[in-house]
Every structure is written in C-alpha cells, then in structure tokens.
Amino acid sequence: MPESKARKGATGEGAASKPPADGAADRTAGGLTEAARPRRRQARGEARIAQLLQAAARVFSASGYTASSTNAIAREAGVSPGTLYQFFPNKEAIAVELGDQLLHHWGDTYGAAFTPSHMELPLDRMLDAVLDPLIAFNCENPAFFALMHGSEVPGRITEAHDTVHATMLTRVEEILLGYLPDAPADQVHRVADMAFMAFKAGLDLIMAHEGEERDAYIRELKALMFRYLDPLIGDDSPHLAPHARQGRTPQD
C-alpha cells in the first residue's frame with residue numbers, strides 16, 4: 001500500500017475515533033438533539049391525548065356514553081380513527097381515562113367545599129358554600145354528569161364513583177354532626193343520606209336546564225335543603241349565628 005494511502009486511511013480512522021465537539025454527537029440533521037426528540041414526541045403525544053379527551057367530553061355530553069362512538073370522537077377531534085387508535089384501543093379506554101381525570105378534579109372540588117370552616121357558618125350560608133362549587137363543577141363539566149349517571153358506563157368508573165359517593169356521604173355526616181351534636185348517630189346518617197339524595201335529584205333537574213331556568217332550579221334546591229334541615233337544627237345549634245336566630249319562631 002502506498003504511504004499516502006496508508007496515511008489517508010489512518011487519518012480517516014483517527015477522525016472517526018476523535019471525540020466530537022460538545023453537543024455534536026447529539027445533533028440531528030434538523031438541528032435537534034437526540035435527547036430532545038423523545039421529549040418533543042412525548043409532548044406531541046400528550047397534546048394529542050388531551051385533544052381526544054376534550055373531544056370525547058363534548059361527544060359524551062351531547063350523546064351520552066352508550067350512543068357515542070370512536071368515529072364520532074375522532075371526527076369531533078378533527079383526526080382520523082386510525083390516529084385515535086394509536087392512543088386508545090376503544091371507547092371504554094377513552095371513557096376510563098376521562099373519568100379518572102374528572103373524578104380527580106371532582107375530589108378536589110368537594111374537598112374544598114367540605115372544609116371545617118364551612119361548618120362554622122349558619123345553615124343558609126353553609127349551603128351556599130358547599131353547594132355552589134359542587135353545582136358549578138357539574139355545569140362546567142357536563143361529561144362528568146354523563147359518565148357518572150349514564151347507563152352502560154365501564155365498571156371501573158362506576159366503582160370509582162361509588163367510592164367517591166361513600167366519601168362524600170361521610171363528609172355530609174361530619175358537617176351535620178356539627179349542627180346536630182346531640183342527635184343519635186343513626187339519625188344523623190339518615191338525615192345525611194336524605195340530604196345527599198335530595199341534592200342528586202335536584203342536580204338532575206339543574207343539569208336538564210340552562211340559563212335563568214337553571215338558576216331558578218338552583219335556588220329551589222337550596223330552598224328545599226334549607227327547609228328540610230332548618231327544623232332539625234333548631235335554635236339551639238352551636239353553629240346557628242345570632243343574627244340567624246333573630247326573628248325566628250317555631251313555625252319558621
């Protein structure tokens with residue numbers, strides 16, 4: 001082999017083994033690093049999932065879970081069914097993912113509604129403080145109502161909802177114990193159960209209306225809850241503020 005070729009080959013090998021400049025090994029043809037590309041792909045995937053879930057929320061709200069389809073969700077999201085199936089194998093998987101997210105936010109909402117400070121309020125103001133955020137969440141997230149109250153929803157959603165239901169009922173009992181400290185435990189449980197079921201029934205009517213009519217049903221629900229609980233609490237409740245006692249009579 002001629003000496004010039006030998007030197008050329010050695011130079012090539014040396015160039016291949018020479019450490020690259022800082023960051024050069026990570027650069028791609030597009031100027032992005034290999035480390036950045038997976039993150040970009042992951043971000044795009046998360047954005048697509050969010051897009052599909054938002055579309056599913058609109059479809060479930062409009063049609064209910066049973067009548068909805070993956071094709072309708074893909075169409076609402078502006079993507080092909082094939083794109084949807086890259087992220088979710090079926091409608092049930094979409095509903096479970098969306099249901100998990102909504103239940104998490106619902107937990108935050110009722111956790112903030114059932115705070116100890118609200119137990120110190122007079123009954124009418126306590127009802128406002130507790131009911132307003134719960135009603136607002138359902139009005140702002142109609143898909144939550146559709147999934148939690150619809151027929152044929154995935155069993156996982158039903159089980160999670162039942163757990164949340166039991167937790168909320170316990171919180172209602174805790175609040176009532178503050179207003180009814182001397183009442184027997186079984187009575188407090190019955191009152192809490194009745195009040196909670198009245199709220200759910202009233203919520204059905206609220207969600208079935210919009211605008212001023214919805215506001216009117218919200219007022220009716222609060223009036224119903226107050227008129228049910230007020231006679232049970234009476235004037236001797238430690239959480240009935242003095243101004244709330246003024247002018248009250250046993251017939252009020």
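## A first stop: Pro89

At 60% relative accessibility, Pro89 counts as exposed, a word used here for residues over 50% relative accessible area, with buried meaning under 20% and partly exposed in between (1.4 Å probe, protein chains only). Pro89 sits in the loop between helix H4 (81-85) and H5. Along the sequence, Pro89 is 19 residues from Thr70, while in space the two are 9.4 Å apart, C-alpha to C-alpha.

A word on what you are looking at: this is a predicted model, in which local features need pLDDT of at least 70 and side-chain atom pairs count only at pLDDT 80 or more, while totals for chains, interfaces and linings use all residues. Residues are numbered from 1 along each chain as its sequence is written, and side-chain values use heavy atoms, leaving out hydrogens and water.

## The chain as a whole

The chain holds 11 helices and zero strands; helices (H or I, at least four residues) and strands (E, at least two) are DSSP runs, numbered from the N terminus. Of the 252 residues in the chain, 36% are buried. Contact means heavy atoms within 4.5 Å. Among contacts between residues at least 6 apart in sequence, 66% join residues at least 24 apart.

Helix H3 (residues 70-77) gives a local view of burial: Thr70, Ala72, Ile73, Ala74 and Ala77 are buried there. After H3 comes Gly78, with a positive phi near 75°.

## Helix H7 and its two neighbours

Let us turn to H7. The axes of helix H5 (residues 91-113) and helix H7 (residues 142-149) come within 10 Å and cross at roughly 115°. These axes are lines fitted to C-alpha atoms, for helices over the stretch in contact, and angles run from 0 to 180 degrees between N-to-C directions. H5 and H7 are therefore roughly perpendicular to each other (65 to 115 degrees; under 35 is roughly parallel, over 145 roughly antiparallel and the rest oblique). On the H5 side, the contact is made by Ala95, Leu98, Gly99, Leu102, Leu103 and Trp106, and on the H7 side by Ala143, Phe144, Leu147 and Met148. These residues divide into nine nonpolar, one polar and no charged. Here Ala, Val, Leu, Ile, Met, Phe, Trp, Tyr, Cys and Pro count as nonpolar, Asp, Glu, Lys and Arg as charged, and the others, Gly among them, as polar.

Helix H6 (residues 123-140) also packs with H7, at an angle of about 90° and with the axes 4 Å apart. H6 and H7 are therefore roughly perpendicular to each other. Phe137, Asn138, Cys139 and Glu140 of H6 meet Pro142, Phe144 and Phe145 of H7. This contact has five nonpolar residues, one polar and one charged.

## Aromatic rings

Rings of Phe, Tyr and Trp (its six-membered ring) pair if their centres lie within 6.5 Å; planes under 30 degrees apart count as stacked, over 60 as edge-to-face and the rest as tilted. By this rule there are seven aromatic pairs. Phe60 and Tyr65 form a tilted one, 5.6 Å centre to centre with 50° between the planes. Phe60 is buried, at a relative accessible area of 0%, and Tyr65 counts as buried at 8%.

The rings of Phe196 and Phe199 have centres 6.5 Å apart and planes at 20°, so this pair is stacked. Both residues lie in helix H9 (residues 185-207), three residues apart, about one turn of the helix, and both are buried. Elsewhere, ring pairs link Trp106, Tyr110, Phe114, Phe137 and Phe144 into a cluster.
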